[in-house]
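Subject: Structure handover

Hello,

Here is the structure we talked about. Please open it alongside this message; my notes follow below.

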Amino acid sequence: MLTQLKGGRVIDPAHNRDAVGDVYLENGRIVDAPEGREPDEVHNVSGKIVMAGAIDVHSHIAGTNVTLGRQLMPELPLMASAEGQPILPSSAAWGSYATGIRYAEMGYTTVIEPAMIPTHAIQAHKEMASIPIIDVAGLVILGNDDYTLNLLRTGNVKSDELKDYVAWTLMHSKALGLKVINAGGSEAFKFNARTFDLDEQVPEYGVTSRGIVEAMQQAIADLGVPHPPHVHTNNLGIAGNVDTAVATLEATQAHPIHLAHIQFYGYGKEGDKGFSSGAPRLMEAINKNKKATVDVGQVMFGQTVTISGDVLRQFTARAANPKKWVINQADGNGTGIVPYNYKKKSFVNALQWAIGLEIFLLAEDPWRVLFSTDHPNGALFVRYPEIFHLLMDKNERLRWFDRLPEASRQVSGLAGISRELTLSELAIITRAAPAKVLGLTDRGHLAPGAIADVAVYTDQKNKTKMFSAADLVFKSGKLVVRNGNVVDVSWGRCYHVDPGFDRQIENRVRSFYETYYGADPSWFGVTPTVSDRPDRFATIPCAS
Amino acid sequence: MDSTLQRAADLLAQARFPVFGGLFTDVNGAAAALALAQKLGGVVDHAASEGMSRAARVMRETGSTPASFGEVRNRADTIVLIGDSPRARDPELLEKLFPAKALPRPGDNARELVVVGAKKGKTPAGLRTTEIDGKTALPELVASLGAAIRELPFEIRDAALAKKILSTGKRLRESAFAVFVYDPAEIEEPVLHTVLEAVRHLVKTTRAATLSLAAPGNGEGVNLCSTWTCGLPVRTSFAGETPENNMWAFETERLLKSGEADALVWIDALDGADAAPPTRAFRGISSVVLSSKPVKAGRDDVVVEVGAAVADHDAAVYLPPIAGIGEVKATSADASKPTVADVLNKIGTLIDAKRAA
Ligand SMILES: [Zn+2]
């Protein structure tokens, strides 16, 4: 069936397109304007905005850690509010099903779960398979596991074996890429460390955090995995940590790197309160390291729960609100779940909010500064439209800014920034750039051949309203949302890489798990039957 | 088979408030049961949910401090075993927790076992073991140990026992990684709180954690599946506009006794574990029984023979060694027997067809 989206303003920054025109869909793909054929279905979208379906590069939507968060805080959806208004109706709103529905209503068609635990990949994939409509992919966590650390033990770098181990892990967990969370820090926590810096050594193993990240960058580059290592660096959330972020950006210039939720590293320690915006300095470093991409991890005021494999950081930040927390000391990274309420009246929270926006607005190259809230850590994903509004409307920003504590306003540079993101720039940070960074070349744009994931919005001044409910959303060519409501619950696919490895690694890993865990690695190997849909998985090719 | 499933669909389509109990099944079976319960406005519960419910309540009130099985066996220097159930449930438990070969662990203490409130049992040879027992009840022993850890006074008449508790408190403060092992089905909620608070006191300076024994019958797997599906654990009702969890109200036995539930779907289909049916099950209530074993059901009940997960078909279930859901290959695959998921999904389709007609 040939479908025509007729006469909309088509915004496709991957092809420098921002003009009124038509978009054609057929057999799940975008196609050229056909000659001499009438479309079977025409949607008149004149006056509307037409974009590719949005892609979320970093959102915790599935897996052991997220479900541990659900177990700790089933009341989260009922406590979450925007401007004091509750925004989610029930505990089920945090379940898999509601996640896919709400994402689709906002025009999102692909979401990346950034923290699969290798030994728990089956749960992550089962959860992802129960999320309707959207396509998904998972990033698998390495860097605090004893197998990796043993390979990187001082003076014992067997780079080929690490490469094989990374490839095996990606294959075994059906992951799209690699996540590294506070490299070495979680292992150090197991030896009772309470802080861990870039050049500190992991007890017993001797390797530094810097050494782990560099080795992972090398392995991913050698394997030709399209998505660079997705790194959560040390010292998250600590005043003065902009030094760590800048040092990490300087240390990692040899190969591409993606730094996650960079807002949480944008902190200086100037001023009376020892906490200040490090955004200008951070952005200078990001603007300089052209091989680095980041996502922002914007904070919004309201109740949330922080979920992180950075167990050391979560432990030191365990002063929770409400007062309950989980520290899960597990194989590899472990997890910390700490409820948190970002308060507009808090000096620090207000500044965090402003720092995130500063990062977006000081980015010279929006292709390298991607949108995220690190859902649910900075804010729930249902808050995205409000953030788009803040980025695109200076007056809206000032309206919020004026209500912040005076102390925060005085030390923030946000009010002095008059930039407003254009629709094209928004399409870059929410579509084109995530697709590019992830190596998902068939999406994030509207050229013929691309997957027919398309979102249509009513252009209006109130961007919160505009992006809360898409007029139309097509997923793989199928109309799934009309007037902000899901009209057809379809099921998406899961993308992963399979770079290949020397089969000897399988025996080594099996012997390691049998000896130390009494476990058989086949137990946590993800096979296509993890979902009951036969075409669930698709492989993204690697360069080598 | 088709006529059996049609009878099951007819029976359930009429139900006002069905309860899905037992749920000794794999994760796919749990997902199918949740989907059908949602469709029918029923309840999901698990036959071993008592302990899980206690743990869930404590979790919701104050959180938790779990350690994975792998971390405990590789890195704990002091393991405190509470109650009889852990060793009764797994006679090899201590051998697994004190392996000959382990990963690098913190501190240089020799590894040590403390047994609290348990009958004399087998302990690994050569392992230094302290038994804290006697006539004192388990809650009091744990409370006293909690006080000793915090260097607070406690009252134990037996002077020798009091001395042991005192020195154990000291050892735990000096441990590099102390882990408390228990079965939440055996110990009461206040004791769970006491243990958690002891851990939270210890972690101010050192490392400590809990290892809660997994519920039988893939209880954790089913509970996790319920949580990611609808945001809530088992003992959840889908009768209202939004799902509602209530550990007391939505317990199978109570719903049957009180007559609130008017239909029962009983699922018992795991290799190596039997879900004991509720006392008055299959009597005076319409039942659909999915079982991999012979069943004594009532005349009007619908009984569907299904494969046993892990034996007859590959199955995703909770596996303690990896502290999570893994997939186990069938020992002697028998494709002639349907899975719980197959059967429940088909019943769901038949109910849809009936409603559409
Ligand atoms: Zn994250």
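A disulfide here is a pair of cysteine sulfur atoms within 2.5 Å. By that rule, the count over all chains is zero. Please keep in mind that this is a predicted model.

Two cysteines illustrate the point. Cys542(A) is in no disulfide; the nearest cysteine sulfur belongs to Cys494(A), 15 Å away. In chain B, the closest cysteine sulfur to that of Cys225(B) is in Cys230(B), at 9.0 Å, which is too far for a bond. Cys225(B) is also buried, with a relative accessible area of 1%.

Next, the metal site. Which residues hold the zinc ion as protein donors? They are His58(A) and His60(A), each through NE2, and Asp374(A) through OD, lying 2.1 Å from the ion. Along the chain, the donor spacing reads H-x1-H-x313-D. His60(A) sits in the loop between β6 (54-56) and α1 (64-72) of chain A, while Asp374(A) sits in the loop between β20 (369-370) and α13 (384-392), so this pair ties together parts that are 314 residues apart in sequence. Both His60(A) and Asp374(A) are buried.

Then look at a sheet that takes strands from both chains. It is open, has four strands and mixed pairing, and runs β17(A)-β19(A)-β18(A)-β3(B). The edges are β17 (302-308) of chain A and β3 (63-64) of chain B; each has a single partner strand, so one side of each is left without a neighbour in the sheet. Inside the sheet, β18 (325-328) and β19 (335-342) of chain A pair in the antiparallel sense over three bridges. Asn328(A) stands opposite Thr335(A) in β19(A).

Now chain B as a whole. It has 12 helices and 15 strands. Its radius of gyration is 23 Å, close to the 21 Å that the globule rule gives for 357 residues, so chain B is as compact as a globular protein of that length. Its C-alpha trace spans about 75 × 40 × 30 Å along the principal axes. Of the 357 residues, 61% count as buried. Among contacts between residues at least 6 apart in sequence, 68% join residues at least 24 apart.

One helix of chain B to look at is α9 (189-202). This helix has 14 residues and reaches 20 Å from first C-alpha to last, close to the 20 Å expected at 1.5 Å a residue. Its buried residues include Val191(B), Leu192(B), Val195(B) and Leu196(B), and also Glu189(B) and Arg200(B).

Best wishes

Methods
Residues numbered from 1 in each chain as written. Chains lettered and ligands numbered in written order. Predicted model: local features only at pLDDT ≥ 70, side-chain atom pairs only at ≥ 80, totals over all residues. Heavy atoms only, no water. Donors = N, O, S within 2.8 Å, 3.2 Å for Na, K, Ca; no water. Helix = DSSP H or I, 4+ residues; strand = E, 2+ residues; numbered from the N terminus. Buried < 20%, exposed > 50% of the residue type's maximum accessible area, 1.4 Å probe, protein only. Pairing = 2+ DSSP bridges. Expected span 1.5 Å × (residues − 1). Rg over C-alpha atoms; globule rule 2.2 N^0.38 Å. Contact = heavy atoms within 4.5 Å.
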